[in-house]
Amino acid sequence: MTIDTTRPVTADDRQEDRTTVPDPDVARPVQPGRGTLRGAGLGEVTLDSGFWGDRQRTNAAATLQHCADWMERLGWVGNFDRVATGTTGPERPGWQFSDSEVYKLLEALAWEHGRSGDPAVEALFDRLVDRVLPAEDVDGYLNTCFGHPGRPDRYSDLASGHELYCAGHLLQAAVARLRTHGEDRFTRLGRRVADHVLREFGPEARAGICGHPEIEVALAEFARATGEDRYRAQAELFVERRGHGTLPTIDLLGPAYFQDEVPVRETEAWHGHAVRALYLAAGAVDVAVDGGDDDLLDALGRQWDRTVERRTYVTGGMGSRHQDEGFGDDWELPPDRAYCETCAGIASNMVSWRLYLATGRVEHVDLMERTSYNVLATSPDADGTAFFYANPLQQRVAGTEVLPDAVNARAEGGLRAPWFDVSCCPTNVARTLASWHAYAAAVDGGDTGVLLQYAAGDVRLALDAGTLLLRVDTRYPDDGVVRVTVVEAPTGARLRLRVPSWATGAELARSGDGTRDVAPGWAEVDGVRAGDVVVLRLPTTPRFSWPDPRVDAVRGTIAVERGPLVLCLESTDLPPGSSLDDVRVDVEAAPRPHADGATVRARLVTTAEPAGTRPPFGARPPVTRAGGAFDLPLVPYHRWAQRGPATMRVHLPVA
Ligand SMILES: [Zn+2]
């Protein structure tokens, strides 16, 4: 069906009225309909300069405009103009899902405006909405790839068309706008788009699902933001419809790729395309929580356990296969062919956050820390204008320089690129960084402030009995000392601090109380009062990290971690003329701190006589020659390739 009559933009659409004005202080990305936990609001945590504060500021100052500029230049924004002016045709810039990048940027701008209130951010948001709004059809359908002259019919390719996926990202942007600003022309557009989806895919309409999950998590949050349960019911319908093999096989990718082989509640471990699997899981958690479906919630918790136990890299990265951007089998975690798409890391955090809010389990927050420091923080460069798409743990061939002005054909690793042919990751990084601080703290039961991630700044949590105002001073992750000063606290307020899973030997001191050992998990401090100083000491001495022997690809190797950071070896730091392939680590000598990384005791083991050649296998073991031991520096993985092209390894063979 082609509808070429776009909905005329009315005076109402131009109006900036707000029927309700929300408090941006408590605006937050995920608001479950039940449970005792709530995440911090955008205004409840303010980060100083530091690991995450600096990244948020770079995101605001550079990344947001960078994304807008690229999408303008490539015609992805112009696609909306072509629909509005009736000038669509067979040729169209961008992939079928390019609209979603504009929406993810709108979401990032909404969170950023909620965080900073910067009028320039609001102005960019408005300029983009000016372009998007006129492309809406009379019945609330909005997509620039389908349903217009010269384009395929609406919903004619549910498997790969991404129409509901795009609508989902529009709704997530509308959720961010509703929570940070209140009702306006963009959120009203969101309602019309959501209502269109319900009319077209509701119980009485076509029983379709989208090849790329996203509409599920978006509708569930849209229901929360609008207070209208019918959107959640539609999300539930999409979740339940999945897993019955209704999507066709395309390009040799069968139902497992789309998570359409096994119903969500019967799935054992996440499989198929990683981002799809994780977006679906995030939506399914929302549906389970708000719908009171504890069986589904338990199933998702078991899927998280199994996937994290057997299908997750030391960086927190997910996705072992390039061919389908997908999960591998259990224990299939090759470091050199790791895909670990940046978006999969972000999606993993979306799932873990929801499971934490639903269950209070510390493991979910531990994984978020791992993934934030080693996947999310790895993608953007220091300037916030180039990104990794894939995040392999070993780079055999140094990347070639990426031209700052060129579109990259989906980087496999090596060097960050300013933009990609499929450019899902930069806008995903932008929306996540803009709201990252809202995942750093939480409130439990109205009387407990919870510190989840450590960064210097002010935490002002609204408890039932009053404000709990904390001043956090720390150089984390460079240093493991976290000093929390209670500036203001209502009577009976409690403080809960996360002791990361790696922090064996941590200590907690409360002014006047002396010091006690605290085990990984939660450390509770009761009855905090203004003037209390609580100091958490996390041991950030570098440590070896041994793989499970079932992970064949890295058997006989170690990784080195320091606090939440995974470290790596870059060829840049090797003695001249030597190769990364020859490095062997002496595990008898503990790694030692060095700058923000570590040094390990290593030798270069060269091959004097190979086992065989052509192919490189033979009847006898190779004859090797070991050089003298020396200290080899490792750097944080998130900084790799920032000093130019290099080969790199996270997992280093043991001597
Ligand atoms: Zn991506």
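**Close-ups of a predicted model**

**View 1. Helix 7 meets helix 8.** In this predicted model, Gly190, Arg191, Ala194, Val197 and Leu198 of helix 7 touch Ile215, Leu219, Phe222 and Thr226 of helix 8. Sort that contact by class and you get six nonpolar, two polar and one charged residues. Helix 8 covers residues 215–226, and its axis comes within 12 Å of the axis of helix 7, with the two crossing at roughly 125°. Because of that angle, helix 7 counts as oblique to helix 8. As for handedness, the crossing of helix 7 and helix 8 is left-handed.

**View 2. Helix 7 again, now with helix 6.** On the helix 6 side, look for Leu164, Ala167, Leu170, Leu171, Ala173, Ala174, Arg177 and Leu178. Their partners in helix 7 are Phe186, Thr187, Leu189, Gly190, Val193, Ala194, Val197 and Phe201. By class, the contact of helix 6 with helix 7 has 13 nonpolar, two polar and one charged residues.

**View 3. The largest cavity.** How do you find a hole inside a protein? Rolling a probe the size of a water molecule over the atoms shows where empty space is left. Here the structure holds six cavities of 30 Å³ or more, and the largest one has about 260 Å³ of space. Its lining is made of 20 residues, and the ones nearest the centre are Pro29, Glu107, Met350, Arg431 and Tyr439. Which helices each supply at least two residues of that lining? They are helix 4 (98–116), helix 6, helix 12 (342–359), helix 13 (362–376) and helix 14 (424–435).

View 4. Most residues other than glycine have a negative phi, and most peptide bonds are trans. Tyrosine 155 isn't a glycine, yet its phi is positive, at about 50°. You'll find tyrosine 155 in the loop between helix 5 (119–132) and helix 6. Next comes the peptide bond from tyrosine 476 to proline 477, which is cis with omega near 5°. Proline 477 belongs to the loop between strand 9 (466–474) and strand 10 (481–488). The bond from arginine 614 to proline 615 is also cis, with omega near 0°. Look for proline 615 in the loop between strand 21 (597–609) and strand 22 (623–626).

Technical notes
Residues are numbered from 1 along each chain as its sequence is written. This is a predicted model: local features need pLDDT of at least 70, side-chain atom pairs count only at pLDDT 80 or more; totals for chains, interfaces and linings use all residues. Side-chain values use heavy atoms; hydrogens and water are left out. Contact means heavy atoms within 4.5 Å. Helices (H or I, at least four residues) and strands (E, at least two) are DSSP runs, numbered from the N terminus. Ala, Val, Leu, Ile, Met, Phe, Trp, Tyr, Cys and Pro count as nonpolar, Asp, Glu, Lys and Arg as charged, and the others, Gly among them, as polar. On a 1 Å grid over the protein atoms alone, a cavity is a set of points where a 1.4 Å probe fits but cannot get out, and a pocket is an open set with protein on both sides within 12 Å along at least five of seven lines; lining residues have an atom within 4 Å of a point. Grid points are joined across faces, edges and corners, and a volume is the space filled by probe spheres set on the points. Axes are lines fitted to C-alpha atoms, for helices over the stretch in contact, and angles run from 0 to 180 degrees between N-to-C directions. Angles under 35 degrees count as roughly parallel, over 145 as roughly antiparallel, 65 to 115 as roughly perpendicular and the rest as oblique. A crossing is left-handed if the near helix is turned anticlockwise from the far one by less than a right angle, and right-handed if clockwise.
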